[in-house]
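Hello,

Here is the structure I promised to pass on. Please have a look when you get a minute; my notes follow below.

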Amino acid sequence: MLQIVSSKYKILADDQGKFRKIVYPDRGVVYDRKGRVILDNTTIYDLMVIPGKVKGIDTASLCDILDIDTTQFKKRLLDAVVKNTKIRPSVFEALLSDETKARLDEAMYRFEPAFYLQERPVRSYPYEAAGNVLGYLSEVDTSFLKSHTEEGYQIGDYAGKAGIERTYEKVLMGQRGIEYWKRDNKNRLTERLENGKYDTAAIAGQSVHTSIDIELQQLGEKLMANKIGAIVALDPKTGGILAMVSAPTYKPGLLTGSEKRKNYSRLFKDPSLPLLNRAVNAYYSPGSTFKTLQALVALKDGVITPTTTVSCSGAFWGCGTGKPKCLDPGTFYLKTAITHSCNTYFATVMQRVIDNPKWPTVDSSLNHWAKYMYGFGLGHKLGVDVPSEKSGKIPTAATYNKVYGEGHWNFCTISSISIGQGEVLTTPIQVANEMAYLANDGWYITPHVVDSIDGGDKFGLLAKYKEKHKTLDIPDSIFDAVHDGMQGVVESGTGMAARVPGIVICGKTGTVENYYHGEKQKNHAFFAAFAPRDNPKIAIMCVVENSGMGGTYAAPIVSLLLEKYLKDSITDPKRLAQIETISKMNLIPARIYQEARRIDSLDHSKDSAYLLSKGYIKSIKDTVGIDDDDEEEALDKLKNDVKTTNTNKPKKDSSNNQLKDKPQAILPDEQKKQAQKNNSNR
């Protein structure tokens, strides 16, 4: 036996006349909830190099085919040696276009054995949708290899860098194989060594089945065209994500194939941040959608009943300031207060919660309130299986003690949180999950994209998506009272634009004030809902930034998505026309276009260098949540431009305009003057 093994390795170690070819596996296929393939594989080629064998080849011809000069040729060769030694194969030109591949096929004999073509399975996207959910692949670099030393990666491998490609990398990646080939006297491959006796077969990655409804996703992306914001739709009974739209988005096919690097650089510098998944990675004040949760707390603590009435003269005067204001004066009880989104009612409710004599101090009452909010899924990461999720913010006594000092604040100091503004910040996924919590009368399952894995969950990734979260004991009767008000929102209140014939919908509008660099912007429009009221099948939210009233812009979008999902199709010509009207409506703020023009300005001929020197690139990386090692090659040109600009370029400006997707209501240094601007919030 020892002699046989020794003979095998002697044969394989003899490099003369043989070629060791890596066979990359197909990654796992991704299916939507109806079994439709939404992420597949196709084949493309890389040009590989073994630096130690680059002797006497026709360098000029190769440079001509690849459209590079000799300086670039030498740099790539040196990089390959540094990263992977001179005896190991490295990628010299990744993801060849069909034209380049054809030219290389004709001339490859001139460059062998130093260069060869390597088949590479790459992703294809049958529906060209859900880019922010599915993610993309990138070639691993030395930093990645150091942090994944036990996982079998090598230089030249690709790994998931965003979306579920990243989260489920272990599942999707598969195992590479090896083939041994014979060469003839002209270095051409002829036949497998001993009929493949020593080969190792590649093993494809495991396929996964998701909760995504790809047609719903496509409709959501169409409706959010020319807008900034997000949509998240969930199955409240399972936590499965039906659709997750981040707008603006990108076609996922842009980040695969020969144009990937150029496309990535363009998307990366786009001031509207298409690479940012706003559904999990952007903070928003939830506005009046938050009032539904305030009602749950007040009813559970007994500071109001469903019949408690509050009179509104057009503003809340409980703190003597006349803020927040209301649009519809009158006398309201809980149902009508939710239906007509009365700010005075919910400021009064929150004041009673904070001043509840059951709690000895304002600190203890606010912390008690915060525990409810954590139980509702706010103020912490939910644990969704899409990377870069943020936690949101729910203020506690410590928040205000740090700013004002212990004992130096009260309800009137923090009244803006009554209506979902001020220091309350949420992510869109949290708002959608809030609707699932309400739909389920007090429980939720962590939102997730992947439902099952072919061949089983070998790594235990899905177990946490089967558990119910029910940390608060709130009676069903309280939920019924809140549902009554939410049904009224759609039937006769601020959300009538969300109506769908034949479907009872419970919803809530929100119109959220926001500021950019201290200047008030047009309001963010929110609408969140679940439907049908009895046996809910979908919980959904939509935010359209800087558009106006929630009932005017977000509610119609949600209405169309509800109809599509619950009725499977939209056939009414008027509704189909509405889809086209909304999709063509351009609501992108003027400041985004101004920033785009600045980036493209001829005033900065070294455009990439200018952006780097001003800290713009870093601000985008920080905002989008890109790792330092992600897409290093795609940024090489940007870095090189800096080196070639003259030394008079402006130094990094710490006050650069970061387009971070946050409302401007977080506590400022000067004792939250902004947060006390509690204007109307419908």
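Two strands count as paired here if DSSP finds at least two bridges between them. Strands S21 (residues 524-531) and S22 (residues 538-544) have seven bridges and pair in the antiparallel sense. Within this pair, Ala531 stands opposite Ile538 of S22. Please keep in mind that this is a predicted model.

Both strands belong to an open sheet of five strands, which runs in the order S12-S11-S22-S21-S18 with antiparallel pairing. At the edges are S12 (241-247) and S18 (506-512); each has a single partner strand, so one side of each is left without a neighbour in the sheet. On average, neighbouring strands of this sheet are turned by 5° against each other, ignoring direction.

Is Asn132 buried or exposed? With a relative accessible area of 8%, Asn132 falls under the 20% cut-off, so Asn132 counts as buried. A polar atom of the Asn132 side chain lies 3.4 Å from the backbone oxygen of Pro274. Setting aside neighbours within four places in sequence, Asn132 is in contact with Gly163, Ser246, Thr249, Tyr250, Pro274, Leu275, Leu276, Asn277 and Val386.

Conventions. Residues numbered from 1 in each chain as written. Predicted model: local features only at pLDDT ≥ 70, side-chain atom pairs only at ≥ 80, totals over all residues. Heavy atoms only, no water. Buried < 20%, exposed > 50% of the residue type's maximum accessible area, 1.4 Å probe, protein only. Polar contact = N/O pair within 3.5 Å; in protein donor to acceptor, adjacent residues only side chain to side chain. Contact = heavy atoms within 4.5 Å. Helix = DSSP H or I, 4+ residues; strand = E, 2+ residues; numbered from the N terminus. Axes fitted to C-alpha atoms, helices over the stretch in contact; angles between N-to-C directions.
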